[in-house]
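This report covers the ligand site and the aromatic pairs of one model. The sequence and structure come before the details.

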Amino acid sequence: MKFFVDTADVKEIREINDYGLLDGVTTNPSLILKSGRDIKEVTKEICSIVAGPVSAEVTATEYSEMMKEAAVLAKIADNICIKLPLTLDGLKACRSLTSEGHKTNVTLCFSAGQALMAAKAGATFISPFIGRIDDTGADGMELISEIRTIYDNYDFKTEILAASIRTVNHIKQAALIGADVATVPPATLKALVKHPLTDKGLEQFLADWAKTGQKIG
Ligand code: E4P
């Protein structure tokens, strides 16, 4: 499973990238707002930190305007992935951009039918929003499972990018189902390494080691 980080905070991106764990980044208009920075400037900096795909989202809702914005975003760096909303205009733009050789991420996916449409439009990634579905009382993971089945049935190459991840359990469940990518907030990604027994065991080993009076090297 590939790990993307879901943020436009360059400090957090640098830290996680330094651990060697990062395969890409996703941003959205809300995350750009949170960063307090200019979209082109911050996206360019992110693209210089991470070698993998960096999703930058269009904000137009009409096809030709989306295409104009996509052209601006695509110029920022070679590893830009154009993020488009799951609308008919978004899918049309996805088909055009894919044909032009751009990477695309179709976002705001809440149903398996929508995911099928995105795959037909040639999306590089489909982003089903797990957490937001859970918030409605439904099961976001069920959607990941349905999309996996449909994509495997027809051998669609579109990668399932599990998004709106809120917990480490979401990451584990998405991995068990076979999502190709998880895009995760930095704190949740770092929490994935934590286990109380690891901390307890390490504490014990260090205490015993101190008692030996030895040093390695
Ligand atoms: C995905 O690309 C989105 O940016 C993100 O995962 C949305 O998550 P949220 O529901 O926590 O805002």
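A side-chain N or O atom of Asp-6 lies 2.7 Å from an oxygen atom of the ligand, a polar contact being a pair of N or O atoms within 3.5 Å. For Lys-83, a polar side-chain atom is 2.6 Å from a ligand oxygen. In the side chain of Arg-166, an N or O atom is 3.2 Å from an oxygen atom of the ligand. The ligand taken alone exposes 340 Å², of which the protein buries 85% (Shrake-Rupley areas, 1.4 Å probe).

The model is predicted: local features need pLDDT of at least 70 and side-chain atom pairs pLDDT 80 or more, while totals for chains, interfaces and linings use all residues. Residues are numbered from 1 along each chain as its sequence is written, and side-chain values use heavy atoms, without hydrogens and water.

## Shell around the ligand

Around the ligand are Asp-6, Thr-26, Asn-28, Lys-83, Phe-129, Arg-132, Ala-163, Ser-164 and Arg-166 (a heavy atom within 4 Å). This shell comprises four charged, three polar and two nonpolar residues, where Asp, Glu, Lys and Arg count as charged.

## Aromatic pairs

There are four aromatic pairs in the structure (ring centres within 6.5 Å; planes under 30 degrees apart are stacked, over 60 edge-to-face, the rest tilted). One of them, Phe-4 with Phe-125, is edge-to-face, with 5.6 Å between centres and 75 degrees between planes. Because Phe-4 belongs to strand β1 (residues 2-6) and Phe-125 to strand β6 (residues 125-128), the pair ties together parts 121 residues apart in sequence. Strands are DSSP runs of E, at least two residues, numbered from the N terminus.

Technical notes: Polar contact = N/O pair within 3.5 Å; in protein donor to acceptor, adjacent residues only side chain to side chain. Phe/Tyr/Trp six-rings, centres within 6.5 Å; stacked < 30°, edge-to-face > 60°. Helix = DSSP H or I, 4+ residues; strand = E, 2+ residues; numbered from the N terminus.
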